[in-house]
Amino acid sequence: MSVYVCLRVAAEAYAVPVGDVREVLEAVPVTAVPRALPEILGVRNLRGQILPVASLALILGRQVTAPSALLLVAESGGLQAGFAIDEVTGVGELSGPTGPAESPMLTGAVLAGGELVGFIDMARVFGSLARSP
Amino acid sequence: MTSGIDAELAGMFRDEATERLDQMDTTLLAVESGAAGAEVADGLFRHVHTVKGAASLLGFDDIRIVAHAVEDVLAEVRTAAVFPPQLAAPLIRATAVLRAQVAGVDEPFHNLLADLAASRSALPAGREAQQPPAGPPPSREAPRGEAPVNEAPDGEAPDHEAAAPRTGRRTLRVPAEKIDRLLDAVGEVMQYQGQLIHTLGGQHQLPPGVADVMDGGERMLTELKDTAIGMRTLPLSVISRRLPVAVRDMARQAGKDVGFAVHGADTELDRVILETLHDPLAHLLSNAVIHGIEPAAERAQAGKPARGRLEVRAVPHGSLVEIVVADDGRGVSADVLEQARRGSGLTGVLTRAGYSTAAEVTDLAGRGVGLDAVSSYVRSLGGSLDVRSEPGRGMEVVLLLPLALAILEVLLFERGAAVYGVPLSAVEEVVVITRTMTLDGRPSVDLRGQPLPVADAAALIGAAAPPLPGEPPALVISADGRRAVATCDAVLGQRETVVKPLGPLFGGTGGYLGASILGDGRIALLIEPAVLTRGPRHTLMPSALPSEEPAAAPRILVVEDSFTVRELQRSILEAGGYPVTTARDGRDALSMLHRDPGIALVVTDLDMPELSGLELTRAIRADPARSSLPVVIVTSNGSEDDRRRGIEAGADAYMAKHAFDQHTLLATVERLVGR
């Protein structure tokens, strides 16, 4: 059992290890960075530092339906970025993945509270963002 | 070397030893050219003795052994009171080995020790009669090459005479990170100052008393900033001291006679720039030696002095530094000059990506190979590169670099609700566009009789923006030897601003110097000037639409510590249609592989600092996720034995650098990634 931040994006449930999460902020308009990867929405000012902001829905291969309300600030391998999400549903213990998941960004999935929760691998997410456009 | 104190000590040792070795090289070069004699032996002895002492103290045995052998030669020179010039060469080789050892590279040195011992036979007879193991008076034991037997490290190591005097020297060694942090903090305060003025409603609306206090604070802040920047700058000599030896070696290898000089070595530059400037500079010098300066016979025919002239000049220009690499060689061909006249200018032709003919690519320092890399390096720092040349008269490459990286003078402008900044040094003037004309199918404006291409800044940057109104304001930009006009919604004025890096997630995007946070908290992207002079981009819709398949094309990772070879391989592979990522050593490569799952093949050098090609290959094979990733080893060791070791480590192909040409490389890559 480990502790995860459970969240909702593009109408699906996901979990991120709590150790990878720095904070959750309200989404504000970002400054677009032309020519960056399509999943990268832009940058924003986080207490005087530049924070890249990416769309978690696009990274997970989902459609973006409505503007996201929240920003999950995560860190992995020395990199930090904000990820647009719809909702944080809770922080709690989960048993870890029991079955496989489709997206290469997930380590697996588990059935919890009557729905399928995908486990997000932040190292892979950052890895996918480090490629050239 | 695990504890923090030891690491710090090792770092200080590295800095000091490198400095002393550099000074030894300068002196040894003078000896070699006959300009100095036995009188310099004392100074040289002191330097190497100090290095030896510190090395034994820290337990660096290999360094101690080599330094000791150098001491022995110098001690004998001292006694003999003559310094034959031919003794300099093995000693210069020894400083090179020591420098590598100090940097943490395992250098084989047993041949060197034998050569050093043998070199002493050049000293006057009488000395010769003594067998080396007998040892001359000032040196206490034999230069054996194996660990000296008699040495008592604790008695000998911390030498008081040689250690830099601690009193009277008004210098302090401070770790660079502390100074970076100070400069960062100054930048933050400047940012708050900007916000404060903005919040109070602008500079001109303050009550008189408040305005005075603010002014005073601002003056002190400027002084604090200048002081902090001054602490982060170092003289060019930090890297240029090593260039004479490098040029001498290159000239010998190429069989050329080259006189080399550095002017303005005391010119100061940002430490961060200096740390990365050595490779591009060495590359330009090697281009000049190999391709610029003619063989003696050709020079005689052209009526030039037999000895070629090569120089590096550094001149400060306000907040910029100009670094010129000039030679009096054959210059560009009339052909290239003609191309330049018709097209994008000489700089444009020579810095075009991969510019080079096939014949030149097989040659390690083809005239154009790597000049595009030097140019993009300079651009990434917010500087610019310019080339001047006349056929038969030589060539000058001019690098214009910012003095300080962290704080930049920019001109801010607005386009489509976004604010951008461009280095003020690249802006010639601000104009209003009243009418445009078409020249060669491109819109142009007439700037005092000179036609210049004009384009919407949004199109140049690749941003989405509504159409501009009639008669928009525009910036006249000059970069990379080209001038162009970029139109925008409004020019907001100049600002001294703190440059914040966009970070590694934008590493592949290019074209940005970073970002800056404005007084009102908004972010301004800082644009490389060349982006605005290159012409409009033919792409791009707003980025929210996932228009393309996000799966990236298979990429090749080139791992190589030599800038020249790395860029050569990159240009060959890119010309073959492969996207390329590069890494400087095995460790760098592993973290790159970790970050980028799209890498489909690794091309690696064998001998590299940090983690060698063999170790890298083994690490890849041991990782279940990448165990089948193809690895090609390219190395200067072409022996069967090395090949066997490479294949045993799990490499899929093994190529010797001397047998290496672009067709073999491309064919091998094609075979392995199966295109």
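This is a predicted model: local features need pLDDT of at least 70, side-chain atom pairs count only at pLDDT 80 or more; totals for chains, interfaces and linings use all residues.
In general, an α-helix has 3.6 residues a turn, so residues three or four places apart point the same way. Just after α16(B), the backbone at Gly382(B) takes a positive phi of about 85°.

Chain B as a whole contains 23 helices and 23 strands. Of its 675 residues, 49% are buried. The accessible surface of chain B amounts to about 31400 Å², and carbon and sulfur atoms contribute 54% of this area. Among the contacts in chain B with a separation of 6 or more, 68% are accounted for by residues 24 or more positions apart. Chain B also provides a case of a charge placed over an aromatic ring: the charged end of Arg78(B) sits over the ring of Phe45(B), at 4.2 Å from the ring centre.

Pairs of aromatic rings were also examined, and the count over all chains comes to 4. One of these is formed by Tyr4(A) and Phe119(A), whose rings lie 4.9 Å apart, centre to centre, with 65° between the planes, an edge-to-face arrangement. This pair links distant parts of the chain, since Tyr4(A) belongs to strand β1 (residues 2–9) of chain A and Phe119(A) to strand β10 (residues 115–120) of chain A, 115 residues apart. Tyr4(A) has a relative accessible area of 11% and is therefore buried, the limit being under 20%. The relative accessibility of Phe119(A) is 2%, so Phe119(A) likewise counts as buried.

A further aromatic pair in chain A consists of Phe83(A) and Phe126(A). The ring centres of Phe83(A) and Phe126(A) are 5.7 Å apart and the planes stand at 80°; the pair is edge-to-face because planes over 60 degrees apart are assigned to that class. Phe83(A) lies in strand β7 (residues 79–85) of chain A, whereas Phe126(A) lies in helix α2 (residues 122–129) of chain A, so the pair ties together parts that are 43 residues apart in sequence. Both Phe83(A) and Phe126(A) are buried.

Methods:
Residues are numbered from 1 along each chain as its sequence is written. Chains are lettered from A and ligands numbered from 1 in the order in which they are written. Side-chain values use heavy atoms; hydrogens and water are left out. Helices (H or I, at least four residues) and strands (E, at least two) are DSSP runs, numbered from the N terminus. Rings of Phe, Tyr and Trp (its six-membered ring) pair if their centres lie within 6.5 Å; planes under 30 degrees apart count as stacked, over 60 as edge-to-face and the rest as tilted. Buried means under 20% relative accessible area, exposed over 50%, partly exposed in between (1.4 Å probe, protein chains only). A charge sits over a ring if NZ of Lys or CZ of Arg is within 6 Å of the ring centre and within 35 degrees of the ring normal. Contact means heavy atoms within 4.5 Å. Accessible areas come from the Shrake-Rupley method with a 1.4 Å probe; for residues, only the protein chains shown count as cover.
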